[in-house]
Amino acid sequence: MNNLFVYCEIEDGVIADVSLELLTKGRALANTLNCQLEAIVAGSRLDGIEKQAFPYGVDKLHVFDDERLYPYTSLPHTSILINLFRAEKPQICLMGATVIGRDLGPRVSSALKSGLTADCTSLEIGSHEDKKAGVTYENLLYQIRPAFGGNIVATIINPEHRPQMATVREGVMKKEILSEDYKGEVVKHRVADYVPDTDYVIKVIERNIVKAKNNVRNAPIIVSGGYGVGSRENFSLLFDLAKTINGEVGASRAAVDAGFCDHDRQIGQTGVTVRPKLYIACGISGQIQHIAGMQESSIIISINTDPDAPINTIADYVITGAIEDVIPKMIKYYKKNSK
């Protein structure tokens, strides 16, 4: 009762990275709240799935195993969460802001009348004083996300209704194993007690998944370009540098909108969130929408003709100059010193 729950997405018997990231964050939040971290997995052939979840600090794993639960369809998974939450009464539920999470979250929150904050970039625990009502609420979930096109950062709270629900995009939270030896409790539920047969009215006959051509999200080195790169042709310099240092090429929304780079390389609030070891920002001004997607990079190098570009304030190193001059020199010196 009143514990923190994470809905874990399953793909081919493997818990999705975004769910493992949320288990890591959920463990930290549960410690602050002095409550248990519980996780939910629903799919088929889930024997041994606890070995993937327990190392992240899960105290109780709710398992719903039925061949009709995989691949994901809306109705049965919605029924599982609604009925489980009515029985368990969690105070918080987290799930990924994925295709599945964006379908499942609103259905569950609407049925429970709990509310939902989508696309959070940060989650914290804190208090809130309603001065008008003379009431102070303790241990609320601060659901933090960019708002108004990313021009402000909003902190959203839900004082009255439970569970407090939020979706979080992949890559925003760190994925860290708590202990390989951590042991929790496995609860195997009878699916028929939660899901009526009518929920299986939709059956997936054929399923095709097209994987992304690029691996920007998991790249340890990213060379990213903004509108200041100037043209699609100039982006070839970024590809040359990325190839030389074994990195991937990313882009800001402005560069993608201008047609300089493909959308699947877009980094930021409306693209992917990354946290590489090295992020080289070329001609990127540094609007909050972009910074939200790369500010956790270990080392940030900014190359910009504007010494006062906002991104320079978070960069570890700043190179003032045109990319046409700077990048060929970087390639030359890297090749010279890597032999």
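How many nonpolar, polar and charged residues does the lining of the largest pocket have? The lining has 21 nonpolar, 10 polar and 12 charged residues. Here Ala, Val, Leu, Ile, Met, Phe, Trp, Tyr, Cys and Pro count as nonpolar, Asp, Glu, Lys and Arg as charged, and the others, Gly among them, as polar.

The model is predicted: local features need pLDDT of at least 70, side-chain atom pairs count only at pLDDT 80 or more, and totals for chains, interfaces and linings use all residues. Residues are numbered from 1 along each chain as its sequence is written, and side-chain values use heavy atoms, with hydrogens and water left out.

The largest pocket has a volume of about 1,600 Å³. Its lining comprises 43 residues; Thr98, Glu170, Ile209, Val210 and Arg217 lie nearest the centre. Helix 4 gives the most to this lining, with three residues. A pocket is an open set of points on a 1 Å grid over the protein atoms alone, with protein on both sides within 12 Å along at least five of seven lines; a cavity is a set where a 1.4 Å probe fits but cannot get out; lining residues have an atom within 4 Å of a point. Grid points are joined across faces, edges and corners, and a volume is the space filled by probe spheres set on the points. Helices (H or I, at least four residues) and strands (E, at least two) are DSSP runs, numbered from the N terminus.

One cavity of 30 Å³ or more was found in the whole structure. The largest cavity holds about 40 Å³ of space. Thr121, Arg169, Gly268, Gln269, Thr273, Ala292 and Gly293 line it. Of these, one is nonpolar, five are polar and one is charged.

The whole structure contains 12 salt bridges (a side-chain nitrogen of Lys or Arg within 4 Å of a carboxyl oxygen of Asp or Glu). Aspartate 59 pairs with arginine 27 at 2.8 Å, N to O. Aspartate 59 lies in the loop between helix 2 and strand 5 and arginine 27 in helix 1, so the bridge ties together parts 32 residues apart in sequence. Both are buried (under 20% relative accessible area; exposed is over 50%, partly exposed in between; 1.4 Å probe, protein chains only): aspartate 59 has 15% and arginine 27 has 8%.

Arginine 232 and aspartate 262 form another salt bridge, at 3.0 Å, N to O. Arginine 232 is partly exposed at 42%, as is aspartate 262 at 34%. Asp66, Arg68 and Asp197 are linked in a network of salt bridges.
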